[in-house]
Amino acid sequence: MGPGAKPSGGPPSVPGPEIREREGEHVKVVLHNEQAEPHTIHFHGVDNSFAGDGTPDVSQKTVEQGETFTYEFDAPPGTYFYHCHVEPDRHPQMGLYGAFIVEPREATARYDGEFVLMLSERDPRLSVAEAREAGQYPGTMAEGVQVNGEYDTLERYPASFTINGKIDSAISPLRVKKGGRYLIRLINAGDDVHSLHFHGHHVQAIASDGAALAKAVAAQPDWPRLVQLVDRLRADVERARDAMAQHQHEHPHK
Ligand SMILES: [Cu+2]
């Protein structure tokens, strides 16, 4: 890992620690699984080798408890994220995802700051079902998960929509200077469609899904659709002007 990457062993968090590299760095990520569940890592959007793709029982065997697997590749510039690829309808939503940012070797623009916003959802019934499966927590009738802990992700119904793992007032405000120019890296790590509106700002989309757009796209009347982030898509936008609220434009978000 490059100098910007955070080492492992920190306290558990959702999302997981951000990994930040410089374009062209040779990245080596060692997955050591200390959990009872098998896991892998998929670096979403990165032009990785087949062996490093992280698809369980296709490109690699799942990494079992006590086992280690190493992913290696040269970092392409862009906004990406990593997530577990075992039971992808369950493990990422249980918190196994994080931002993977590769800064360009030569900056094409100057910014007064940068933000990384990871969007996702939470259905608390999944947590109860997984904890039940692990024999750690039986769940209650009030939580809507019966004592057998069964949970069908086809009946998934998120109770919360999260930004960087937080909801409502726990979401940190984006503090900016009036007239400043900021880079916002939007990553949809969830399973639903989200679109953010930066109320009162002049925003341009400059990259999508890890690749720079040929031409920056300015805000239009249909802007909320433009920045719509389909499942597991990423977009880079930049914005100017002073601080205003951001909010969702997809029903039933606020
Ligand atoms: Cu996993």
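Two residues are in contact if their C-beta atoms, placed from the backbone, lie within 7 Å. The model used in these exercises is predicted.

**Exercise 1.** State what share of the contacts with a separation of 6 or more joins residues 24 or more positions apart.

Solution. Take the contacts in the chain with a separation of 6 or more; residues 24 or more positions apart account for 72% of them. For the setting, the chain holds two helices and 14 strands, and 28% of its 254 residues are buried.

**Exercise 2.** Sort the side chains of strand 1 (residues 19–22) by face, and find the residue opposite Ile-19.

Solution. Step one: in a regular strand the side chains alternate between the two faces of the sheet. Step three: strand 1 pairs with strand 6 (residues 97–103) in the parallel sense, over four bridges. Within strand 6, Phe-100 stands opposite Ile-19.

**Exercise 3.** Decide whether Arg-175 is buried or exposed.

Solution. Step one: locate Arg-175 in the loop between strand 8 (160–163) and strand 9 (182–188). Step three: Arg-175 has 8 C-beta neighbours inside 10 Å, so Arg-175 counts as exposed.

**Exercise 4.** Explain why the buried residues of helix 1 (residues 124–133) lie on the same side.

Solution. Step one: the buried residues of helix 1 are Arg-125, Val-128 and Ala-129. Step two: they cover an arc of only 100 degrees around the axis, which puts them on the same side of helix 1.

Terms used. Residues numbered from 1 in each chain as written. Predicted model: local features only at pLDDT ≥ 70, side-chain atom pairs only at ≥ 80, totals over all residues. Buried ≥ 20, exposed ≤ 12 C-beta atoms within 10 Å, placed from the backbone. Pairing = 2+ DSSP bridges. Arc of directions from axis to C-beta.
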